[in-house]
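Dear colleague,

I am passing on the structure we spoke of, and below it you will find my notes on what turned up when I went through it. Please read them with the structure open beside you.

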Amino acid sequence: MTQGERRTPARRTVLGAAGATVLGASTALTAGTGTARADDQRTSGAAHGHGRGYRSLPVPTVIGHRGASGYRPEHTLGSYRLALDLGAHVIEQDLVPTKDGHLVCRHENDITGTTDVADHPEFASRKTTKTIDGTALTGWFTEDFTLAELKTLRAKERIPGTRQENTLYDGRWTVPTFEEVLRWAEDEGRRRGREVWLHVETKHPTYFRSLGLGLEERLAKQLRRYGRHRANSPVFLQSFEPSSIQRLAELVDAPGVVLLSGANSRPWDFVQAGDPRTVADLVTPKGLRWIASYARGIGPTLDLVIPKDASGRLGDPTTLVRDAHAEGLILHPYTHRNENSFLPADFRRGTDPTAYGDAFGSLKRYLETGIDGIFADNPDTALLAAADLGTRG
């Protein structure tokens, strides 16, 4: 079977239907109550949490990473909608600002690879080199465009060499504003009869604050406008900069999640403030206790949950899940993808880096650690893997 045959729309429809049948019902909430229906748990491989808000979500929670970015260009309404159709419990957005202060959904403020901006001669002079969080980048950046100008662009696949079929959808959608996503989530919630959960990240908040484009206040204002600012609102707020989550905690009550990259890295706000701590310090019991003083969860890279050896194969799990749970924190690690190039070496199959490997095998290893959720580019695959895992209370 060729790669093209494996990823036909019919294949995705079958997987999506399976995910909806097995786990899709588990995402449905009794209208107006915020509590899960009792019969959902019996039909699902995921166990429902207890109580209200994020504790009521199925465990493990499947988060559509930038939507269903394994199948559609990321951070488009098409990607978000497909993730819901496939059964994802939560949909992720990354936020960056425009020149005139609007929040838009892009993984990075550098839009060179995710839009057709290079094809617009009227914006040729906007190409520039900037240093973002210590890294020099050359391209086009959202903060140099008004929203009206940005809306003349069309979104496209970020990694076309790996996801060639996704290029079929290049140009189909514009870059959505976060307010458009909030309205979309409201409409979808009414149509589907359940809340649509969002997982919202502030990107490069220290950098943007230095430009007078602080993200947190703008985000909090929109959350309040759409009633997503409460502790039990269907939203997570996430950032790689702990100070951004601390600032948001002063503005709204929605649960915060601190994202954690490589063990030897330092959050950029730590670098700017002269804080010597690394991620390795933050995943100690002391560091986790500090995070728990203002956040409700962590989003570690999967390597912090199960490290890889020198050959790229999975080793033994760390104590991070146990230690985080001891401090009352949930864990939403990132990011699982189906392609060989993204999988641990022991789960790659064949020599084509763009072909699917043993995604179910790797998901089994990660989910067995007891993580509370996982970011996945292919949410249907993650849902089926959760069903394979069986009910966990």
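I begin with a pair of helices: α8, which covers residues 215-225, and α9, which covers residues 242-251, pack with their axes 10 Å apart and at an angle of about 40°. The hand of the crossing between α8 and α9 is right-handed. On the α8 side the contact is made by Glu216, Glu217, Leu219, Ala220 and Arg224, while α9 brings Ser244, Arg247, Leu248 and Leu251 to it.

From α15 the contact takes in Ala359, Phe360, Leu363 and Leu367, and from α16 it takes in Thr381, Ala382, Leu384, Ala385, Ala386, Asp388 and Leu389. The residues of the contact of α15 with α16 divide into nine nonpolar, one polar and one charged.

Turning to charged side chains, the structure holds 25 salt bridges, and one of them joins the side chains of arginine 126 and glutamate 149, with 2.8 Å from N to O. This pair links distant parts of the chain, 23 residues apart, since arginine 126 lies in the loop between β5 (103-105) and β6 (128-132), whereas glutamate 149 belongs to helix α5 (residues 147-150). Side chains of opposite charge can pair when their charged atoms come close.

Finally, a word on confidence: this is a predicted model, and the protein chain averages a pLDDT of 90, with 86% of the residues scoring at least 70. Over residues 1-6, however, the pLDDT is below 50, and this stretch has nine contacts in the model beyond near neighbours in sequence. Residues 8-45 likewise stay under 50 in pLDDT, although the model has 73 contacts for them beyond four places in sequence. Where pLDDT is low, the predicted coordinates should not be read in detail.

Methods: Residues numbered from 1 in each chain as written. Predicted model: local features only at pLDDT ≥ 70, side-chain atom pairs only at ≥ 80, totals over all residues. Heavy atoms only, no water. pLDDT = per-residue confidence, 0-100. Contact = heavy atoms within 4.5 Å. Axes fitted to C-alpha atoms, helices over the stretch in contact; angles between N-to-C directions. Helix = DSSP H or I, 4+ residues; strand = E, 2+ residues; numbered from the N terminus. Left-handed = near helix turned anticlockwise from the far one by under 90°. Salt bridge = Lys/Arg side-chain N within 4 Å of Asp/Glu carboxyl O. Nonpolar A, V, L, I, M, F, W, Y, C, P; charged D, E, K, R; others polar.
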